[in-house]
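Subject: Structure handover

Hi,

Here is the structure for you to look at. Please open it next to this email and follow along.

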Amino acid sequence: PVGCNDTFEQSLGPVEKFGDLRFNDIASSESARQKLGAAMESVGRGEALKVSVTHVEMKLKGEGGTLLSGFFDWSVGLVSAALSNILDKSAHYEGGRGLILMGEPCSEQTVRQRAKDSETADFIQNAPIPLQSTDCKGVIQWANLAMLDMMEYTQDEYVGRHCSDFAPDDQKDLMSEMAKAVHCGKKIKEVPVCFYRKNGGIVPLLLDTNVSYSEDGRFHHTRCFFRDDTGRRVREARAEALVDEMDRSLSLLDHFMSNTLHFIRTPCNVMTQALDAARGQLDSANHANQSNSMVSVAAKAAILESKLMLDVTVGQLSDLTRTLDDVSDLQRFEQGAELRPVINDVELLPLCHSVMAECALRCHEGVECVLDIGGATHASKLKSTR
């Protein structure tokens, strides 16, 4: 520093105290010194006419020579050689245009508010959830560290590019449709998207967005919130594979059950036909013996006993066949087939005869079984004696 006004001396001390130090050396932190030094160099090299550096903590002169600290907002600009000579109280400045720094002290309220804003910004910047903002055209304006780490880009490589630059070709249209929807003020909720990483790999993501508007109601930017969708897609793939395997297993089980039921039903049908033929022969023999007095009563009883046993066996085979049909229908129903009941008329009298025959077979000697059929127009009774 070569010169200053009275307000500067009252706050920061006389110029003489700097000696050979640069002005930014009196900043309290290294980051503040770097920001202020970079601004001065930028203006000095002619890269900018004016640069503002806000919230710079400076070492202040306190009472009794003590050092205090305070925050300033600095504006760095170029001045003419004449003004530089006026500000140079030591009268030894010889040069052209110098730098002029105008500082505005920050109030305590401003310092507290900026501390809160800085904490909020740090919270968002270091959040574990990938975040970014885009303009109305889909150009990326900002991205936090989690987003940059996920995409494997630096801030300079990522910010300023269009979102579609990182999307696969089959999602270009999806990106365009989402951009139109967002520009119309619509929110996007959990839309699956994919982005290319810097290394060429694809990362599946779930995207949520909302829009920030300026005070006059104009579109400001879109806030984008991303979540890694890899876990969900892996679970869906596993569930799909599990369903496919279950379908395959059910198909194999259906094939196995169909073959098994076929192998059981076929012999049952053959046995039923054979037993029906044998029962027909017994009926013929029984009819012939009724008129033959030479046949003993015991022989006639044996024929009747055999006929009853054949009737019961045929009935049991019929029950087994119906059970196999029920098992087959149940299996088809569990696999999604429509249940369609079929109503058939049942001949009640043959059914009653079958029941009486089975009862007679299972009863002891000398027991009479009576089946009373009530509720019909003509009530009747069936008797069976053993």
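Below is what was found, topic by topic.

**Confidence**

This is a predicted model. The mean pLDDT of the protein is 80. Of its residues, 85% reach 70 or more. Be careful with residues 86-95, where the pLDDT is below 50. In the model, that stretch has 17 contacts beyond near neighbours in sequence.

**The cores**

Start with the largest nonpolar core, which has 24 residues. Which members touch the most others? They are Met147, Met151, Tyr158 and Phe195.

- strand E5 (140-143)
- helix H5 (145-151)
- helix H7 (172-183)
- strand E6 (188-196)
- strand E7 (202-213)
- strand E8 (219-228)

Now go back to Met151. Leave out residues up to four places away in sequence, and methionine 151 touches Tyr158, Phe166, Phe195, Tyr196, Arg197, Lys198 and Val203.

**Aromatic pairs**

How many aromatic pairs does the whole structure hold? The search finds five. Two of them are described here.

One is tyrosine 153 with phenylalanine 166. Their rings sit edge-to-face, 5.3 Å centre to centre, with 75° between the planes. This pair links distant parts of the chain, 13 residues apart. Tyrosine 153 is in the loop between H5 and helix H6 (155-158). Phenylalanine 166 is in the loop between H6 and H7. Are these two buried or exposed? Tyrosine 153 has a relative accessible area of 15%, so it counts as buried. Phenylalanine 166 is at 2%, so it is buried too. The cut-off for buried is under 20%.

The other is phenylalanine 195 with phenylalanine 226. This pair is tilted: 5.6 Å centre to centre and 55° between the planes. It also links distant parts of the chain. Phenylalanine 195 is in strand E6, phenylalanine 226 is in strand E8, and they are 31 residues apart. Phenylalanine 195 is buried because its relative accessible area is 3%. Phenylalanine 226 is buried because its value is 1%.

Ring pairs also build a cluster. Its members are Tyr153, Tyr158 and Phe166.

Next, find strand E4, residues 131-134. Both of its faces are covered. Leu131 and Ser133 are buried on one side. Gln132 and Thr134 are buried on the other.

E4 pairs with E8 in the antiparallel sense, over four bridges. Threonine 134 stands opposite threonine 222 in E8. E4 also runs antiparallel to E5, joined by three bridges. There, serine 133 has tryptophan 142 as its bridge partner. E4 and E5 form a hairpin with five residues between them. Look at glycine 138 in the turn: its phi is positive, about 90°.

**Cysteines**

A disulfide is a covalent bond between the sulfur atoms of two cysteines. How many disulfides are there here? With sulfur atoms required to lie within 2.5 Å, the count is zero.

Cysteine 268 has 5% relative accessibility, so it counts as buried. Cysteine 352 is at 7%, so it is buried as well.

Best wishes

Methods
Residues are numbered from 1 along each chain as its sequence is written. This is a predicted model: local features need pLDDT of at least 70, side-chain atom pairs count only at pLDDT 80 or more; totals for chains, interfaces and linings use all residues. Side-chain values use heavy atoms; hydrogens and water are left out. Buried means under 20% relative accessible area, exposed over 50%, partly exposed in between (1.4 Å probe, protein chains only). A nonpolar core is a set of buried Ala, Val, Leu, Ile, Met, Phe, Trp, Tyr and Cys residues joined through side-chain atoms within 4.5 Å. Helices (H or I, at least four residues) and strands (E, at least two) are DSSP runs, numbered from the N terminus. Contact means heavy atoms within 4.5 Å. Rings of Phe, Tyr and Trp (its six-membered ring) pair if their centres lie within 6.5 Å; planes under 30 degrees apart count as stacked, over 60 as edge-to-face and the rest as tilted. Two strands pair if DSSP finds at least two bridges between them. pLDDT is the predictor's confidence in each residue, from 0 to 100.
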